[in-house]
Amino acid sequence: MVKKPVKFGKLIRRTIFYLFVTSLAVVILLPVYFLVSLSFLSTREAYAFPLPIAPALKIKYSMTHGERGYLLSVYDSFDGEYQTVLDTNELEKISEYMRYQLGAPMSIPEIEEQISVLESGTDPVEFSSRKNLWLNYSTFFKITRNALPALLRSLQIAAMTIIISIIIGGMAGYAFARYTFAGRDALKFSILFVRMFPGVAIALPMVIILANIGFYDRPIGLSLVYSIGSIALTIWITASIFLGIPVTLEEAAVVFGATKFQAFLRVTLPLALPGLAAAAMYTFLGAWNETVSAIILTQFNPTFSVVVYQSLLGSVGQVNLAAAGGLVMAFPSVVFTFFIRRYINQMWGGMTI
Amino acid sequence: MAVATRAKSSRKFWTKVTPYLLILPVVVYYAVFWLRPVFSTIVGSFRDASGAFTFENYLMVFTDPDFIPALRNTAILVVFSVTLEFLLALFLALLINRKFTGSAVFLFLAMIPMALPSVAVGAMWLTGLTSHGWINSLLYYLGVEQKIYWLAGSEWSLLALIIVIDAWTVIPSVMIILLAGLQNIPKEVEEAGYVFGGDYLTVLRKIIIPILNPTIQTAVILRLISAIQIWLVIVLLVGFSRLPVLVERIVYYHEEMSGLNISFQMASGYTIIVTAIVSIAALFYLRLSGAFGKSKEVR
């Protein structure tokens with residue numbers, strides 16, 4: 001293999017280009033990185049200034065005799081020295097401090113073991129314990145007592161919204177792709193208009209309508225509201241998918257004796273499945289991320305986004321827990337966006353049916 | 001023979017009816033869950049408690065001491081963030097415009113800020129902008145030891161902050177869209193511009209921008225519509241009423257002030273104002289995208 005000689009100037013230009021792209025990526029990811037890092041910080045770390053660049057994976061302790069009992073010190077990697085945090089003879093207190101402030105739980109027998117080493121003459125005794133990185137996540141769900149039900153509720157709402165939009169939107173999408181009919185343009189126009197209509201405009205009058213039919217503060221009520229926007233979106237996505245599947249395939253199936261409905265079920269639908277999945281994921285994103293209608297249309301049964309919103313609004317106290325909640329919120333969105341990135345970009349180019 | 005004709009005419013009948021059956025659910029759904037609530041809000045906004053016609057509700061909103069600031073702040077946010085975002089995104093897209101190793105990864109990374117739920121974006125910047133947050137920590141590591149109190153500033157500096165946050169959220173995505181548009185422009189077209197003696201700026205102004213124009217226009221209006229509805233990040237960062245914007249007022253009256261007997265009217269009033277502004281923007285969008293015209297023939 002003969003390597004082509006790379007010109008020097010070209011090399012420099014390419015380096016500058018990659019530096020530029022990398023620094024852009026850094027700017028994009030920096031806040032995300034810090035939110036992730038914060039969600040893994042112990043309470044003690046989260047309230048230190050400056051915040052550690054990365055969460056500690058291991059906590060190093062040093063213990064000696066203190067005035068009131070045992071003097072516990074924790075190694076601070078920023079200062080590079082041990083800092084005294086506790087002076088007590090109650091082992092429960094030490095164990096609790098390790099769990100809640102440092103995120104590196106040690107049981108009382110384990111602490112007793114270290115104390116016996118201390119008593120046998122190694123003064124101070126140094127030991128370490130592994131940090132439980134996921135502690136903030138479990139604590140968030142434990143402390144915010146309605147978080148888990150709200151998470152399940154949000155999933156339920158998203159699922160119902162997907163079912164409603166795929167059935168109603170998919171049918172209309174098929175009609176748009178396959179038929180010319182009177183009123184087509186008017187309908188197309190109103191669908192595009194509804195798509196851009198602010199969700200908050202529907203939420204307020206819906207309070208009364210949903211209360212009248214007994215759906216206020218219930219998942220079905222919210223999914224009915226979310227479906228308004230996502231039906232429009234589903235029509236757009238499914239219409240473009242059905243347009244891409246040649247009608248001749250269906251006609252061929254009919255020639256071989258299938259009814260039109262069978263032809264659709266056996267031939268077109270399987271081909272359309274990937275696109276329908278994209279529409280479903282898009283719907284999920286809309287329902288999962290939405291906050292304003294959820295705040296207005298729920299009272300005792302909030303969605304997960306409302307719970308995280310409230311925990312952020314009220315908790316200047318527990319930033320690391322709020323970060324964990326925010327990340328639980330963000331995770332599905334990023335994953336689904338990865339799957340439907342192609343459609344998202346098309347959306348922006350303008351919606352046409 | 002007669003049977004055959006009837007079968008034929010019945011098939012014709014069904015072909016005619018099928019599309020209507022398929023779109024019937026959407027029409028019914030929108031009539032019940034969209035048209036009716038919108039209609040009832042509009043009608044309700046012109047009625048007083050006894051049901052008589054009145055302009056009172058609107059007067060109440062217009063005389064709300066936070067109305068003018070809310071309108072002003074929303075307008076500033078929309079104008080500045082959308083302009084800034086598009087200029088910067090276009091600049092970045094022009095700089096990056098080429099195929100490169102790792103571009104797929106980069107393009108996905110750039111989609112992340114937009115994909116994040118606004119609650120997560122709020123969490124990110126709230127934890128960053130507090131006095132002991134990650135931004136001050138980062139500055140400390142870089143040698144700036146003085147803490148900056150980001151959230152303690154004037155209304156103007158808060159507005160600037162929100163614009164920057166929105167820029168972070170939106171620019172990467174807009175950049176991708178413009179990039180996609182740029183890469184669809186045939187090379188020959190650009191080269192022709194240079195052959196006829198144009199310099200880079202001329203080619204940009206006379207060839208590239210006009211070709212990109214439809215993409216830019218639609219994206220600008222979609223951005224405009226969502227910029228009008230920014231509120232959550234503001235409330236998470238500085239709470240209610242410190243930097244009032246239109247949608248924030250709706251939530252404020254509905255949630256925070258729900259005890260007052262005027263709160264529902266106030267919230268509805270602000271809702272209608274937001275709706276009217278967004279609808280106008282949406283109609284502009286639809287005009288540009290050609291939705292007013294006849295649709296293309298279906299195969």
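1. Pro124(A) sits in the loop that runs between helix H4 (108-119) and strand E4 (125-130) of chain A, and in this predicted model the peptide bond joining Asp123(A) to Pro124(A) is cis, with omega about 0°. A cis bond is also found from Phe49(A) to Pro50(A), where omega is near -5°; Pro50(A) belongs to the loop between helix H2 (43-46) and strand E1 (58-65) of chain A.

2. For the layout of chain A, the division is into domain 1 (1-54), domain 2 (56-132) and domain 3 (140-350). The C-alpha centres of domain 2 and domain 3 of chain A are 51 Å apart.

3. Ser241(B), with phi near 75°, is placed in the loop between helix H10 (232-238) and helix H11 (246-256) of chain B, and at 30% relative accessibility Ser241(B) is partly exposed.

4. On the surface, Phe8(A), Leu11(A), Ile12(A) and Ile16(A) make up a nonpolar patch, whose accessible area together is about 410 Å². Leu11(A), a residue of helix H1 of chain A, is partly exposed, at 39% relative accessible area.

5. A patch of positive charge on the surface brings together Lys7(A), Lys10(A), Arg13(A), Arg14(A) and Arg98(B). Lys7(A) is located in the segment before helix H1 (8-39) of chain A, and Lys7(A) counts as exposed because its relative accessibility is 64%, with the cut-off set at over 50%.

Terms used
Residues are numbered from 1 along each chain as its sequence is written. Chains are lettered from A and ligands numbered from 1 in the order in which they are written. This is a predicted model: local features need pLDDT of at least 70, side-chain atom pairs count only at pLDDT 80 or more; totals for chains, interfaces and linings use all residues. Side-chain values use heavy atoms; hydrogens and water are left out. Patches are made of residues with over 30% relative accessible area and no salt bridge: like charges are joined within 9 Å, nonpolar side chains (Val, Leu, Ile, Met, Phe, Trp, Tyr) within 5 Å. Accessible areas come from the Shrake-Rupley method with a 1.4 Å probe; for residues, only the protein chains shown count as cover. A salt bridge is a side-chain nitrogen of Lys or Arg within 4 Å of a carboxyl oxygen of Asp or Glu. Lys and Arg count as positive and Asp and Glu as negative; His and the chain ends are not counted. The place of a charge is taken as NZ of Lys, CZ of Arg, CG of Asp or CD of Glu. Helices (H or I, at least four residues) and strands (E, at least two) are DSSP runs, numbered from the N terminus. Buried means under 20% relative accessible area, exposed over 50%, partly exposed in between (1.4 Å probe, protein chains only). Domain bounds come from an automatic or database domain assignment.
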